[in-house]
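Work through the exercises below with the coordinates open. Each task is followed by a solution in steps.

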Amino acid sequence: MAKSTLSFVCQNCGAAYNRWQGKCESCGEWNTLAEEDASGSVPVSIRSKRKGRTFALESLAGKSPDAPRLSSGMTELDRVTGGGFVRGSVLLVGGDPGIGKSTLLTQATSLLARAGHRVVYISGEEAVAQVRLRAERLGLSDAPVQLAAETSVEDIVSTLSEGAVPRLIVIDSIQTMWTDTVESAPGTVTQVRASAQALIRFAKKTGAAIILVGHVTKDGQIAGPRVVEHMVDAVMSFEGEGSQQFRILRAVKNRFGPTDEIGVFEMTGLGLREVTNPSELFLSERDLGTPGTAVFAGIEGTRPVLVELQALVAPTSLGTPRRAVVGWDPSRLSMVLAVLEAHCGVKLSGHDVYLNVAGGLRINEPAADLAAAAALVSSLVNAQLPTDAVYFGEISLSGVVRPVAQTPARLKEAAKLGFQRAVLPESARGDAGGDAGLSLNAVNSLTTLVAEIAARGSRRGESSAPAEKNATPARFRRGEG
Ligand code: TYD
Ligand code: MG
């Protein structure tokens, strides 16, 4: 019998060591090494004796049949996959437990099955009865989805090799799968990787599309199978705030489509409902007219999305004030705060700053700088911003408001939702087209915007008297506590 080689494998990144240590040097995580059999999936005896077979080499320019796509029947899901599931491709869907991954995939498979495709749903986590119960709740019991509660990859592959090739196979979840070819326990990196490999091979060989469900650890990574992320064709993450009903499907990696599109859903008593106009949803519970809120006209992929940014700036009693941000990049917040301090004379070092993107959306665009700055200043001076205005623009380190892409689309969406004005970069006024019907307030430096908001604050009699002499209220000026 071949001697098995035990080694210590990081459960986070898959790096292998031959002795145990507290910290993984590859990814820097602590306590993630676990003992595993790392001899690989092929026994040594076979490995050494097998003679390599020859294969044909192809030219780069050759014609390949184009990737036929299988539309899921859910527009929001298709938008994120790039137009449907590609034949023979493997897609990983990650998300927190309870976010609705199984619900989403039950709905998608049922729609496909109803459309006459062979669709298989393998649940490694729930019993058949539980999956049925969910389908019943969703009103999808009649859909001819083929269902099984199985965890052995070999059994799954043999079963699925019989009969017509399924168009779509859902494996819920990859962490529960195990294969005989490796000795480690289910859920370990070695098992997850070997199981995923076997399933990927099956997909490539037969042309079936496979969706793997993956769990997410508390720090937001797909547990263990970070290694799997590299092997699959596409990685989607299903996100949302526990307390909120919105769910966002986002492509993290996609070999067959864009990675900047999002799909928006709402979790209802009857499953996930597609939200075709996300702006309406994100603005529906708006804190109209509260100081510290500004509406950002953003772009997610190809779609304009209006969303509310909420800021709270409050005096602190701590030596190091708190900076907390949800839904936006913390380093961009630090940058905007630094620009406000350095160029606009806004003193924030004695204040805690909180910034939140409403609705559980996560924004990556630098175009949100201007809206964030407006919300922050509005909260600081306790002055409400106009409720009919949207903001967008990138702020440079010198305090200049820089133009951003797709100005007309942003303005059109704002006009559609009843907004009357837009605060935007001076240089973007040219591409605005003027057809949106909004009144445009072009600003070329952040100082201008701060002065405008501060003036609103002092008009409310909130600010101290010397403010009247200068557009910037006295307490903003440098050197005052
Ligand atoms: P589920 O799809 O099981 O989550 P995951 O597979 O990501 O762990 O969804 C679980 C949650 O969704 C659960 O808290 C109940 C809720 N839910 C609804 O609100 N409405 C529904 O119609 C369904 C099926 C679930
Ligand atoms: Mg589930």
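**Exercise 1.** Determine which strands helix H4 lies across, and its angle to S8.

Solution. Helix H4 (residues 128-137) lies across strand S7 (119-123) and S8. The helix runs at about 140 degrees to S8. Axes here are lines fitted to C-alpha atoms, for helices over the stretch in contact, with angles from 0 to 180 degrees between N-to-C directions. Contact means heavy atoms within 4.5 Å. Helices (H or I, at least four residues) and strands (E, at least two) are DSSP runs numbered from the N terminus.

The model is predicted: local features need pLDDT of at least 70, side-chain atom pairs count only at pLDDT 80 or more, and totals for chains, interfaces and linings use all residues. Residues are numbered from 1 along each chain as its sequence is written, chains are lettered from A and ligands numbered from 1 in the order in which they are written, and side-chain values use heavy atoms, with hydrogens and water left out.

**Exercise 2.** Write down the strand order of the open sheet of nine strands and identify its edges.

Solution. Step 1: the order is S8-S7-S9-S10-S6-S11-S12-S13-S14, and the pairing is mixed. Two strands pair if DSSP finds at least two bridges between them. Step 2: strand S8 (146-148) and strand S14 (271-274) have a single partner strand each, so one side of each has no neighbour in the sheet. Step 3: on average, neighbouring strands of this sheet are turned by 25 degrees against each other, direction ignored.

**Exercise 3.** Describe the surroundings of S10: which strands pair with it, and which helix runs at about 160 degrees to it?

Solution. Step 1: S6 and S10 pair in the parallel sense over six bridges, and Leu 91 stands opposite Ile 211 in S10. Step 2: S9 and S10 are also paired in the parallel sense, over four bridges; the bridge partner of Ile 169 in S10 is Ile 210. Step 3: helix H6 (residues 189-206) lies across strand S6 (90-95), strand S9 (168-172) and strand S10 (209-215), at about 160 degrees to S10. Step 4: six of the seven residues of S10 are buried, so the strand is largely enclosed by the rest of the structure. Buried means under 20% relative accessible area, exposed over 50%, and partly exposed in between (1.4 Å probe, protein chains only).

**Exercise 4.** State in which sense S12 and S13 pair, and name the partner of Arg 247.

Solution. Strand S12 (residues 246-254) and strand S13 (residues 262-268) are antiparallel, with five bridges. Arg 247 has Phe 265 in S13 as its bridge partner.

**Exercise 5.** Is Val 305 buried or exposed, and what does it touch?

Solution. Step 1: Val 305 lies in strand S16 (residues 303-315). Step 2: with a relative accessible area of 2%, Val 305 is buried. Step 3: leaving out residues up to four places away in sequence, Val 305 touches several residues, among them Pro 278, Phe 282, Phe 296 and Leu 361. Step 4: 8.9 Å separates the C-alpha atoms of Val 305 and Ala 414, which are 109 residues apart along the chain.

**Exercise 6.** Inspect the backbone at Ser 173, Asn 31 and Asn 382.

Solution. Step 1: most residues other than glycine have a negative phi, and most peptide bonds are trans. Step 2: the peptide bond from Asp 172 to Ser 173 is cis, with omega near 5 degrees; Ser 173 lies in the loop between S9 and H6. Step 3: Asn 31 has a positive phi near 55 degrees and sits in the loop between strand S2 (16-17) and strand S3 (33-37). At 60% relative accessibility, Asn 31 counts as exposed. Step 4: Asn 382 has a positive phi of about 55 degrees, in the loop between H10 and strand S19 (389-391). At 35% relative accessibility, Asn 382 counts as partly exposed.
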